[in-house]
Amino acid sequence: MAQEDPKHGGIPAGDERITKVYVELTTDCNLACAMCPRNSWTEPGGTMSPETFGRLIEQLADMPGPITVNFSGYGEPMSHERFWEFIAAAKSAGLETEMVTNGLLLDEPAGRRMVELGMDRVVVSIDGLSEATSAGLHAGSFPAVAANLRRLYHLRMMRGADRPELGIEFVATRRNVHELPRLKSLSQALGFSSILVTNLIPWSAELCDDVLYGRPGTISRGGGPSPEIPRLDVPNFDADSPARAAIERLRGAGTLLYSNGRCVSGEAPRCRFVTEGRLAVCWDGSVSPCLPLMHSHEYYFRRRPRQVRHFHLGNVNAVPLEAIWRSEAYRAFRRRVRQFDFSPCSDCGGCDLRETNQRDCSSDEFPSCGECLWAAGIVQCP
């Protein structure tokens, strides 16, 4: 029997399998936000056809489970005209279903259908609880989203259902991070049971002033303590203790911090898409190993632009997903990312090679993941 490898997210070593597929039903959206990555794309968007979705679901149904289908990508999934049909098809195929939405289309009829279809999880993206904190992002949308969440929670309770589970994805900025305690206090009224906090990605130079990161966020590609990177074991302190400032200074200086036997500071980069068996399928059926490599785009890190070229390993309309997943090219990519033998661009950022993901100073092999904000733990996905 294969031994579980904790570094691989609990997936047995040597028995890699797909656990979650991010499906981009459309790149269309009912909002036009300044913080949207679509503003920096260098390629056209589109909408997934019923034929492509049908092939994908058939292929997933034939693969070992459990598998979760996450309706997200870089558009509003509920704006697809076949959204409800697609949810029903995925559930009929025995797949877990969840989606990431801006929440504005979750009216009463939509809430009833979600409960009836047994949608497993709904994650609503929120960028501020007031007009001032969400300006330039999802400005002014929270009151309507809160009303929709409250209604969906009540509909679920009235039917005695435990699904869909409700969650919040909070995009933290300098303007809104102080609202996290208030957001937490709303959980009982709105019915959400989890809050995933992620950082804002500045898709334009104008957004750079809003981010909450910029210093090196990882420790060592080798991972172990050394005289240069010592280990410091600390006890639990009160949140308002004078020790807090000292601990944060140590964290910023690259110390390996442990508390109660657990590492509480950044370690070597870790790609959850690869280690946890996740992948992404674009609206046209193209398969990418992660969400950030679905589309070519530009973003800013430490106020410097970086061009990212998309990376596709096949298309479900031409080759079955399992064959793409088992291909030598995809296997080699996963091995490379697990080792994470890339140049430490997110910790350095000092040379011109980091201006694209084509190569880095240690290799000409594409893609280079050394400045991946997801692997560095700066950006998170449900």
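1. Rings of Phe, Tyr and Trp (its six-membered ring) count as a pair if their centres lie within 6.5 Å; planes under 30 degrees apart are called stacked, over 60 edge-to-face, and the rest tilted. By that rule, ring pairs join Phe-53, Phe-71, Phe-83, Trp-84 and Phe-86 into a cluster.

2. A word on the basis: this is a predicted model, where local features need pLDDT of at least 70, side-chain atom pairs count only at pLDDT 80 or more, and totals for chains, interfaces and linings use all residues. Residues are numbered from 1 along each chain as its sequence is written, and side-chain values use heavy atoms, with hydrogens and water left out.

3. Searching the whole structure gives eleven aromatic pairs. One of them is Phe-311 with Phe-333, a tilted pair at 5.3 Å centre to centre and 45 degrees between the planes. This pair links distant parts of the chain, 22 residues apart: Phe-311 is in the loop between β13 (304–308) and β14 (314–315), and Phe-333 is in helix α11 (residues 328–339). Helices (H or I, at least four residues) and strands (E, at least two) are DSSP runs, numbered from the N terminus.

4. Phe-311 counts as buried because its relative accessibility is 13%, and Phe-333 does so at 7%. Buried means under 20% relative accessible area, exposed over 50%, and partly exposed in between (1.4 Å probe, protein chains only).

5. Do have a look at Trp-325 and Tyr-330, an edge-to-face pair with 5.1 Å between centres and 70 degrees between planes. Trp-325 is buried at 2%, and Tyr-330 is buried at 1%.

6. Arg-334 lies over the face of Trp-325, 3.8 Å from the ring centre. The charged end of Arg-334 also sits over the ring of Tyr-330, 4.7 Å from its centre. For this, NZ of Lys or CZ of Arg must be within 6 Å of the ring centre and within 35 degrees of the ring normal.
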